[in-house]
Amino acid sequence: MDIISIIIIAVILLIIVGLVLYVIGIYNKFFNLKNSAEATLGQIRVAMKKRLDMIEQLLGSVKSYAAFEKDTLEKVTGLRASVMKATPGELNAIEQQSRSLLGSLYAVAENYPDLKTSTTVQELMGAIKGVEDEIARQRYTYNNIAQQLNTMTDTIPSNIVARMIGMQKLEYLQFEEAIEKAPKIEF
């Protein structure tokens, strides 16, 4: 073998090694994003469960004022049971239902001035606001991770690796930012 053949073989081997390392890098990035998304979803589930726990406590504080207490408690209990195993799409639905329940409780507090000034109710409402902020931050983080993974799944050359390993796009979390109007409660 002459020197030119050795150089050509070395260049081809370097190109192959470079491509393999590049594919491994893309593969690792996919799983890094996937694992980050799963961890963030776990944080969202924990925060949503915490919010539902606080709604249940708030419900305990207002139950003497509200006739809807039993139905609301059953809804909160059902949501708490489903939040930890929910998919992103199911989390969207749970978010909407829990916001509706929270709006109902806030409406009851508005209708009873002595309840609204209760220290326990005020502290729980403040704590719920803190959890709302935490959920919003985690949702923002999750959606950014989902965007990165989904972009990699759609663009060349990472989409080739995505197809080879069966990587699927992530579903975005699309929680409502606020309840537009409080539900009407009649006693």
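Guide: pLDDT is the predictor's confidence in each residue, on a scale from 0 to 100. This is a predicted model. Helix α4, residues 113–116, has the lowest confidence in the chain, with a mean of 61, while α6 has the highest, at 92.

Visitor: What is the average pLDDT of the chain, and where is the pLDDT below 50?

Guide: The average is 81, and 80% of the residues score at least 70. The pLDDT is below 50 over residues 178–187. In the model, this stretch has 20 contacts beyond near neighbours in sequence.

Visitor: What makes up the secondary structure of the chain?

Guide: It comes to six helices and zero strands. Read from the N terminus on, the order of elements is α-α-α-α-α-α.

Visitor: Why is Leu91 called buried?

Guide: Buried means under 20% relative accessible area. Leu91 has 0% relative accessibility, so Leu91 counts as buried. This residue sits in helix α3. Its C-alpha is 7.6 Å from that of Leu173, although Leu91 and Leu173 are 82 residues apart in sequence.

Visitor: How do you know that Asn150 is buried?

Guide: The cut-off is again 20%. Asn150 has a relative accessible area of 6%, and is therefore buried. Asn150 belongs to helix α5. Apart from neighbours within four places in sequence, Asn150 is in contact with Lys169, Leu170 and Tyr172.

Visitor: Is Thr77 buried, exposed or partly exposed, and why?

Guide: Over 50% is exposed, under 20% is buried, and partly exposed is in between. Thr77 has a relative accessible area of 39%, so Thr77 is partly exposed. Its place is in helix α2. Thr77 and Leu52 are 25 residues apart in sequence, with 8.2 Å between their C-alpha atoms.

Visitor: How many residues of the chain count as buried, as a percentage?

Guide: Of its 187 residues, 35% count as buried.

Visitor: What makes a set of residues a nonpolar core, and how many residues are in the largest nonpolar core here?

Guide: The residues must be buried, of nonpolar kinds such as Leu, Ile and Phe, and joined through side-chain atoms within 4.5 Å. The largest nonpolar core has 37 residues. Those with the most contacts inside this core are Phe30, Ile44, Met48, Ile55, Leu58, Leu91 and Tyr142. At least two residues each come from α1, α2, α3, α5 and α6. Helix α1 gives the most, with 13 residues.

Visitor: Which residues does Tyr142 touch, not counting residues up to four places away in sequence?

Guide: Tyr142 touches Ala37, Thr40, Leu41, Ile44, Pro88, Leu170, Glu171, Tyr172 and Leu173.

Visitor: Where does Pro157 lie, and what kind of peptide bond joins Ile156 and Pro157?

Guide: Pro157 is in the loop between α5 and α6. The bond from Ile156 to Pro157 is cis, with omega about 0°. Most peptide bonds are trans.

Visitor: What percentage of the contacts with a separation of 6 or more is between residues 24 or more positions apart?

Guide: In this chain, such residues account for 81% of those contacts.

Key
Residues numbered from 1 in each chain as written. Heavy atoms only, no water. Buried < 20%, exposed > 50% of the residue type's maximum accessible area, 1.4 Å probe, protein only. Helix = DSSP H or I, 4+ residues; strand = E, 2+ residues; numbered from the N terminus. Contact = heavy atoms within 4.5 Å.
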